[in-house]
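Welcome! Please take a moment with the sequence and the 3D view before reading on.

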Amino acid sequence: MLQTRVIPPAEGAYQYPLLIKRLLMSGARYEKTREIVYRDQLRYSYPTLIERVARLANVLTAAGVKAGDTVAVMDWDSHRYLECMFAIPMIGAVIHTINVRLSPEQILYTMNHAEDRFVLVNSEFVGLYNAIAGHLTTVDKTLLLTDLPDKTADLPNLVGEYEQLLAAASSQYDFQDFDENSVATTFYTTGTTGNPKGVYFTHRQLVLHTMGVSTIMGSVDSVRLLGTNDVYMPITPMFHVHAWGLPYVATMLGLKQVYPGRYDPEYLVELWRKEKVTFSHCVPTILQMVLNAKAAQSADFGGWKIVIGGSALNRALYDAAKAKGIQLTAAYGMSETGPLVSCAHLNDELMAGTEDERTTYRIKAGVPGPLVEAAIVDANGNFLPADGETQGELVLRAPWLTEGYFNEPKKGAELWAGGWLHTGDVATLDTMGVIDIRDRIKDVIKTGGEWISSLDLEDLISRHPAVREVAVVGIADPQWGERPFALLVIREGHEVGAKELKEHLKPFVELGHLSKWAIPSQIALVTEIPKTSVGKLDKKRIRIDITEWQANNSTFLSTL
Ligand code: AMP
């Protein structure tokens, strides 16, 4: 250990813990009158937000919530969720943001595993909750969240309805200081195998993540995504990685915030128009749904900046959004990383390049943000060169990465092997520091000794004018180990078979952008591609479906 100079604080010097409560206060300082909007149901200003957070803290404390307890929320994106993201951690408890799109068995597993003691349940989920209530092992009490006039529900040990309880509670609460390393939030991530795993983030981590996100999105001139005049609407659910942490950023900066409830593409467009939304974030499939909405056909989305992450942003979607006036910027992260790790950035060299080159870099995972360290390693943990060519597993260090999986020390140690967080993503790093995600390790297609990125193939296939959506997976093949298989959703009035797809891909093979082994020998034409609970391509489900179709010689399969 270096013998550095550490000076003990003066007597009485305030030891400032990085707590979430600090983020709440500044928004109102900047802009008192800016609104928090919930659909067409409610709108209020920042001083009211602060007051409501205090009221909620009083309600929870009166209900028996103590520091260290876990309080779960089952809601769509709402002002209530925002209030919970502050009030629950601010009283020293942990908010468990339940992924309401998981199966009831998985929800039950996560609630017992997280040791939830209190649950706030939207009236839409009362049936679901009651179906599992008998098997919940740690829950004491419930609270009802509802937009309906009827403020009652058949929930076990119900304390009352949220708005009524808030109205009756005091608007003052003395939020104490405590250790900044206290856990503030938790939620579960589902992998390809096994039970969901619980990640968790401390106050200190979330405060630093908030500062990191606002720096990356607010100060990097080549992308300049977020400023205090923006109007924010999430389109990544609040249950998934705290809506990428943006509600904390928006509140800290005093932005107008618009919460859309359950995502309905037509309604999202309506809200965008009515509330003059300028900043959002989502996974590519959700953006595709918004662009496909009827209301979007006549809309000019000029001025709408959207950060795309969670899956690769392909060129076709970038171009389609641009044609509608949307400025897309790619970012990268995962449940384990808070989530933001990197965001597209164009340095002077790229800014001087062609529009085409700039676009190439706007859709890559981007440059690690301040305080983030990224490297690539081989299977033995050896560091690999950042030359833009060599592929390896992306590993990370940052002050806001989950430090393990809750109550799963072995899996946590695997995640952190060698002192770096292992992402499970294959990437290249180039000399400009740009991360290019090549694929999930488990999704890379190994065919005839070659490694083919399913993301590359999806990108190139999506450039075919008839293709509306595409997913590519590797399917076991006795001769080649694996062969790529493409699932396509075709635009109305078009036709594509395996032969036409081959013709489309051939020029990319000739140009050396693609291995000739990457051309799928079989494709399936479907009306919908299975998605996960957060709207990503569900490659696990897709592999199962393909095996079944092949066994049944299904008619919608097209073979070379
Ligand atoms: P999740 O934990 O569900 O948020 O998923 C995280 C995973 O999404 C990452 O490990 C990547 O495989 C993928 N992902 C996130 N952002 C990007 C991106 N910009 N490009 C490609 N893949 C991404």
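This is a predicted model: local features need pLDDT of at least 70, side-chain atom pairs count only at pLDDT 80 or more; totals for chains, interfaces and linings use all residues.

Residues are numbered from 1 along each chain as its sequence is written, and side-chain values use heavy atoms, with hydrogens and water left out.

**The ligand site**

Let us begin at the ligand. There are 13 residues around the ligand, and A331, S335, D425, R440 and K536 come nearest; a residue counts as near if one of its heavy atoms lies within 4 Å of the molecule.

| Residue | Part of the residue | Ligand atom | Distance |
|---|---|---|---|
| H240 | side chain, N or O atom | oxygen | 3.3 Å |
| A331 | polar backbone atom | nitrogen | 2.8 Å |
| R440 | polar side-chain atom | oxygen | 2.6 Å |

On its own the ligand has 500 Å² of accessible area, and the protein covers 88% of that (areas come from the Shrake-Rupley method with a 1.4 Å probe; for residues, only the protein chains shown count as cover). Strand 14 (327-333) and strand 20 (435-440) are the elements that give two or more residues to the shell around the ligand. Strand 14 gives the most, with three residues. Helices (H or I, at least four residues) and strands (E, at least two) are DSSP runs, numbered from the N terminus.

**Helix 13**

Strand 14 also turns up in the surroundings of helix 13. Which residues of helix 13 are buried? In this helix, which spans residues 315-323, they are R315, L317, Y318 and A321. Because they cover an arc of only 165° around the axis, they sit on the same side of helix 13. Buried means under 20% relative accessible area, and exposed means over 50%, with partly exposed in between (1.4 Å probe, protein chains only); the arc is that of the directions from the helix axis to the C-beta atoms. Besides strand 14, these buried residues pack against helix 11 (284-292), helix 15 (355-362) and helix 17, where contact means heavy atoms within 4.5 Å.

At the N-terminal end, N314 caps helix 13, with a side-chain oxygen 3.3 Å from the backbone nitrogen of A316. Just after the helix, G325 takes a positive phi of about 95°.

**Helix 19**

Helix 17 (454-462) is also among the elements that cover the buried residues of helix 19, including strand 23 (467-477) and strand 24 (481-490). Those buried residues are K539, I542, D545, I546 and W549. They lie on the same side of helix 19 because their arc around the axis is only 115°. On the other side, A551 and N552 are exposed. N553 follows helix 19 and has a positive phi, near 50°.

**Two buried residues**

K305, found in strand 13 (residues 305-308), is buried, with a relative accessible area of 13%. The side chain of K305 makes a polar contact with the side chain of D230 (2.8 Å), and a polar atom of the K305 side chain lies 3.0 Å from the backbone oxygen of L225.

P237 is in the loop between strand 10 (231-232) and helix 8 (241-244). P237 is buried too, with a relative accessible area of 14%. Leaving aside neighbours within four places in sequence, P237 is in contact with D77, A243 and Y263.

Technical notes
A polar contact is a pair of N or O atoms within 3.5 Å; within protein, one must be able to donate a hydrogen and the other to accept it, and residues adjacent in sequence count only if both atoms are side-chain atoms.
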